[in-house]
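Student: I would like a close look at a single part of this structure. Please keep it brisk and connect that part to its surroundings.

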Amino acid sequence: MSRVQQMNERGPLLLLLVVGLLALVLGIALPVGSLLAMSFYAADGSFAGLSNFSSYFGSPNVGRSLFNSLYLSALSALISVGLAYGYAYALTQTCMPGRRFFRAVALLPILAPSLLMAISLIYLFGNQGLLRGWLGGHSIYGPLGIVIGSVLWTLPHALLIMLTALATSDGRLHEAAASLGAGRWRIFRTVTLPASRYGLLISLVVVFVMVLTDFGVPKVIGGNTQVLATDIYKQVIGQQRLQMGAVVALLLLLPALLAFWVEQRLRRAQGAALTVRAVPYQPKAWGRLDGAMLLYCSLIALLLIAVMGVAMFAALATYWPYNLTPSFNNFRFDMMDGGGWASYGNSIKLALGCAVLGAGLTFLSAYLVEKPRRFEAGRGLLNAIASLPMAVPGLALGLGYILFFNAGWNPLHGLYGTLSLLVICTVAHFYSVAHITQLAALRQLDPEYELVAASLGVPFWTTLWRVHLPVSLPAMMQVAAYFFINAMTTVSAVVFLYSPETTLASVAVLAMDDAGDIGPAAAMAVLIFLTAALGRFLIALLERMLIKRTQAWRAR
């Protein structure tokens, strides 16, 4: 490439980098910075130093909230990952029949908000639940409900990580151990478990953070159990004390940051462990193990189907538990709190907007981080900001958006209370995973593509349009589906930002539950689940059509 052409490309590339940095600084860095700053200011705007922290830590229940959050999150993570490990082992290391069916069933809760699990548990074990006598006098409203609901909600997320970890098991090690006379149990202890230990630890960290930062389950079924997530809600919504909400958000941010640091260390260690060329393990049939795993997976799948099924049945019941005749009475949302059918329409608009904006912006940021060879410092900063949301809880990010976009000095103040701001906040909340996914897709391309294009004098935007974008199209569609589903089901990041005109379906579930309309809350949660499933299906169809039309070489 000539020096003149390099100079011609420098300007457009710098412009793209500036646009990407500006978008991430406004959408991620400045809201988080506003949250950090507010914790040091009083309600009247004066500098308060550490007085907000001392005031909060001086309250009598702060220790209980912190202990409950850490203890319940750790317990839920241990149970969820333990169940997911056994389930993933059955799917990848045995010849158990029906593995495709069991995998699909276990991943269904990803399409539902965490609120749905909590509502189902109320219908099963609540004061008027079908199985309320099964708890032996214990109440589902409290720590027990939080743990069970969190386990049911996070199980598919842990399962996805464990499936990836166990699928990389090296078949040569299994064959060598078997040829030396090792039995199944010893092979598991010496080969399978050590090979999957990084995935096991990463899944523990991920689930711990998910439960720690979740707002829906403790809000619906937590009863009087205090956790940090509900403390933030009470401080901001209940008492309008933004500065104290910022203090609690920072407390929630610290363990999340620590968990994020641990996860990053583990991911680097995992990458080093998987550099050796491995042969995929092909399990061999063994009647007793396959039968035991079939029974195990059947019990978990039956539990998940029962929980989801109860919510759907309750949504259609005329008046629980006295009149169980199916009807659509619970779907008359316009007669309930929460914004009516308009909230459902807003959620669809939010999901579509997030799918388009999220897929496009994450592809741009991933491209700028991975492919150009100029502006290394700027690209590193872009990657760092793009990775930040992974360590920021949704509630903390939502509060940061209030403090930044609702400030009178901010020229973007007009966005506050609009659906556009909800789209921006939701994209920022789930940005990191999508950014990493797009990076992985772009890294599949050999750098020689750019070298050949440069030697032929082809400008970078032509290579971007004709090579990088088509090859990354499957990953972009997966990211679009990821944003669509999460936008339909999210509560934490948007619960502080909606206005009467921009209420969302997931927030409507909370409002109806607070008002005692648990039947309509279940109906709306089921509607969210069905919409997320339909959206995922339609995006998959669109993906196949686009790939078939633009990438016929993939089928050869």
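Is Val495 buried or exposed?

Tutor: Val495 is buried. The model is a predicted one. The relative accessible area of Val495 is 3%, and the cut-off for buried is under 20%, so Val495 falls in that class.

Start with the location. Val495 sits in a loop. That loop runs between helix 20 (460–489) and helix 21 (505–514).

Next, the neighbours. Leaving out residues up to four places away in sequence, Val495 touches Phe215, Tyr233, Leu395, Val507 and Leu510. There is also a distance to note. Leu422 is 73 residues away along the chain, yet its C-alpha atom is 9.7 Å from that of Val495.

Now take Ser492. This residue lies in the loop between helix 20 and helix 21. Ser492 counts as buried because its relative accessibility is 11%, against a cut-off of under 20%. With residues up to four places away again left out, Ser492 touches Thr213, Phe215, Gly394, Leu395 and His429. Compare the two lists.

Follow the chain on to helix 21. Asp514 lies in this helix. A salt bridge joins Asp514 to Lys219, with 2.6 Å between the closest N and O atoms. Lys219 belongs to helix 10 (residues 216–221), so the pair ties together parts that are 295 residues apart in sequence. In general, side chains of opposite charge can pair when their charged atoms come close. Asp514 is partly exposed, at a relative accessible area of 46%. Lys219 is partly exposed too, at 21%. The salt-bridge count comes to one.

Asn406 is found between helix 16 (394–405) and helix 17 (419–429). Its relative accessible area is 35%, so Asn406 is partly exposed. Asn406 touches Tyr401, His413 and Tyr416, not counting residues up to four places away in sequence. Asn406 and Gly417 are 11 residues apart in sequence, and their C-alpha atoms are 8.9 Å apart.

Then comes helix 18, residues 431–442. This helix has 12 residues. From first C-alpha to last, helix 18 reaches 17 Å, close to the expected 16 Å. Its buried residues are Tyr431, Ser432, Ala434, His435, Gln438, Leu439, Ala441 and Leu442.

Helix 22 (residues 518–550) holds Leu541. Leu541 counts as partly exposed because its relative accessibility is 37%.

Strand 1 (residues 317–319) and strand 2 (residues 323–326) pair in the antiparallel sense over two bridges. They form a hairpin with three residues between them. Tyr319 has Asn323 in strand 2 as its bridge partner.

Finally, the whole chain. The chain has 22 helices and two strands. Of its 556 residues, 53% are buried, and Val495 is buried as well. Among contacts with a separation of 6 or more, 80% are between residues 24 or more positions apart. The accessible surface comes to about 25,400 Å². Carbon and sulfur atoms account for 65% of that surface.

Terms used
Residues are numbered from 1 along each chain as its sequence is written. This is a predicted model: local features need pLDDT of at least 70, side-chain atom pairs count only at pLDDT 80 or more; totals for chains, interfaces and linings use all residues. Side-chain values use heavy atoms; hydrogens and water are left out. Helices (H or I, at least four residues) and strands (E, at least two) are DSSP runs, numbered from the N terminus. The expected span of a helix is 1.5 Å times one less than its number of residues. Buried means under 20% relative accessible area, exposed over 50%, partly exposed in between (1.4 Å probe, protein chains only). Contact means heavy atoms within 4.5 Å. Accessible areas come from the Shrake-Rupley method with a 1.4 Å probe; for residues, only the protein chains shown count as cover. Two strands pair if DSSP finds at least two bridges between them. A salt bridge is a side-chain nitrogen of Lys or Arg within 4 Å of a carboxyl oxygen of Asp or Glu.
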